[in-house]
Amino acid sequence: MDTRTLFRRNPDLLLEWDDDSGSVLVDSRSGRKFVAKPELVDLLGRLDGPLTADELNARWPHQADADTTRTLLERLASAGIVRHDDKEDAEPAADGLTPYERACHAQAGRGPLPGTRRGTPPPARLCHPEATGTVPLPDARDLPSRALAEVLSERRSVRDFAAEPVPLRLLAAFLDRSARVRGYLPPRSYEQTQRPAPSGGARHSLEIYLIARDVEQLPPGAYHYDAFDHALHRLSDWNDDLAALQHRTITLPALLNEAPPAGLYLASRADRTGWKYAGMALSMIYRDTGCLLQTMCLTATDLGLASCPTGRMEVPVSAPFLQPYEQRLLHVGNLALGLPDPAAATTAPTPADLPAG
C-alpha cells in the first residue's frame, strides 16, 4: 500500500437529522444515506483537505495505528464517504451546483412529503392593515395590444430609462395584464386563484410590492399591489432605506447607471405553496417566480415599457416596509421598470443560423 495515497472528504456529503436513525450523511449526488456516528463525523471534520492515512492518524485521537486508519479510509472510500485524491479517480466536471442545491433538486423530484394539506390552508390574499392609504388603479383595459410574435421578438432586458415618470395608466395596465386575479378555480376550499401567470397548484404565493421613485400621480414610496381589488396600498414614504433597498436589489445587480423610475420587489408567502407541496415548495416558488417575471417582461414590452429582471434575493427579508412579515415572506426576485430612453442605442441580436426547411 502506498503510504502517500491522499484521501479527501466527499464534497457532496450533507449532514442531516433523521427521526429514526439520528444524524445521517446524505450523498447529494447519489442520494445514498449513511448513519453518522460521532467518531465518523469527527474523522470527516479533521479531513478538511487531502491527507495521507499517517497525517490523518496524527490528527484523529480515535486510532493509534496508522495502518488501521488506512484500512478504515479504504472502506470509507469504497462506500463513497471519502475519495482518493488523485487525477485518475477524479470525478467528471462539476455540474456547477452546490450539495445543497442538488439536495433541494432531488427532494423536489420526489414530490410532496406525506401529510400535506393538513390544517387550515393559508388564504390567497395577504392584507396589510398597517397601510396608510389606498390608490385605486385606473381602468386601462382599452390600451392597445400587439401580436404575441411581435412582442416576443422585441423583448429585451433594458437598462436605459427615460428621465420622465412612469404614467400611472401604463402601470395600471401592466399590473392588470400580468398579475390581476381573474377568478377562483375549484375547489374553493383552499382558494386556488386564476391569474395571467401560471403557479403550481394555482396557489400563487407571490406578492408584488412597488418601489415607486417617479410614477405619475403617486407620492414616492413603497406600495403593495392588491391583485384582487386592483389597487395599491401605501406602506412607506420614500426614504434613505427605501433608496438603499432599490440600489441593492435592482440598480446594482442590473448594472444600471442610475436607479429606475420604478421597481418591483417580489416576495413569496411560502406557506401557501408549502401547505400543498411541502418538500418541493421552494422549487415550485422559484418556478412561479420565473413564470411571473417572464409574463411581466412580455407585458411591459407590449405596453412600450422598459423592464429588466434581477435575481438578487436577500435573506431574511430586508425591505423596511416588510419588517412585521420577516418570518412569513421570502424575497424571490425584482424587476426594474420605466419608459425606455429614446436616446439609448438598442442592440439587435445576431440572427441565429437555422437549418433550412
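**Close-up 1. Strands E2 and E3 pair in the antiparallel sense.** In this predicted model, strand E2 covers residues 13-18. Six bridges connect E2 with E3. The two strands form a hairpin, and three residues lie between them. Within this pairing, leucine 15 stands opposite leucine 25 of E3. E3 itself runs over residues 22-27.

**Close-up 2. Strand E3 is largely enclosed by the rest of the structure.** Why is E3 described as largely enclosed? Five of its six residues are buried, so the rest of the structure largely encloses this strand. Here, buried means under 20% relative accessible area.

**Close-up 3. E3 also pairs with strand E4.** E4 spans residues 33-35. Three bridges join E3 and E4, and the two run antiparallel. Two opposite positions can be picked out in this view. Valine 26 stands opposite lysine 33 in E4. Leucine 25 stands opposite phenylalanine 34 in E4. The hairpin of E3 and E4 has five residues between its strands. In that hairpin, glycine 31 takes a positive phi near 85°.

**Close-up 4. Three strands make an open sheet.** The order is E2-E3-E4, and the pairing is antiparallel. E2 and E4 stand at the edges. Each has a single partner strand, so one side of each has no neighbour in the sheet. Neighbouring strands in this sheet are turned against each other by 35° on average, with direction ignored.

**Close-up 5. Tyrosine 209 and phenylalanine 321 form a tilted pair.** How many aromatic pairs does a search of the whole structure find? The search finds three. In the pair of tyrosine 209 and phenylalanine 321, the ring centres are 5.7 Å apart and the planes lie at 45°, so the pair counts as tilted. Tyrosine 209 belongs to strand E9, residues 206-212. Phenylalanine 321 sits in the loop between strand E13 (306-310) and strand E14 (330-338). The pair therefore ties together parts that are 112 residues apart in sequence. Are tyrosine 209 and phenylalanine 321 buried or exposed? Both are buried.

**Close-up 6. Tyrosine 265 and phenylalanine 321 pair edge-to-face.** Their rings lie 6.1 Å centre to centre, with 70° between the planes. Tyrosine 265 is in strand E12, residues 262-268. Phenylalanine 321 is in the loop between E13 and E14. This pair links distant parts of the chain, 56 residues apart. Tyrosine 265 is buried, as is phenylalanine 321. Ring pairs join Tyr209, Tyr265 and Phe321 into a cluster.

**Close-up 7. Helix H8 packs against helix H9.** H8 covers residues 270-277, and H9 covers residues 281-303. Two packed helices are described by the angle between their axes and the distance between the axes. For H8 and H9, the angle is about 130° and the axes are 9 Å apart. That angle makes H8 oblique to H9. The crossing of H8 past H9 is right-handed. Which residues make the contact? On H8 they are Ala270, Thr273, Gly274 and Tyr277. On H9 they are Ala281, Met284 and Ile285.

Note on methods:
Residues numbered from 1 in each chain as written. Predicted model: local features only at pLDDT ≥ 70, side-chain atom pairs only at ≥ 80, totals over all residues. Heavy atoms only, no water. Buried < 20%, exposed > 50% of the residue type's maximum accessible area, 1.4 Å probe, protein only. Helix = DSSP H or I, 4+ residues; strand = E, 2+ residues; numbered from the N terminus. Pairing = 2+ DSSP bridges. Axes fitted to C-alpha atoms, helices over the stretch in contact; angles between N-to-C directions. Phe/Tyr/Trp six-rings, centres within 6.5 Å; stacked < 30°, edge-to-face > 60°. Parallel < 35°, antiparallel > 145°, perpendicular 65-115°, else oblique. Left-handed = near helix turned anticlockwise from the far one by under 90°. Contact = heavy atoms within 4.5 Å.
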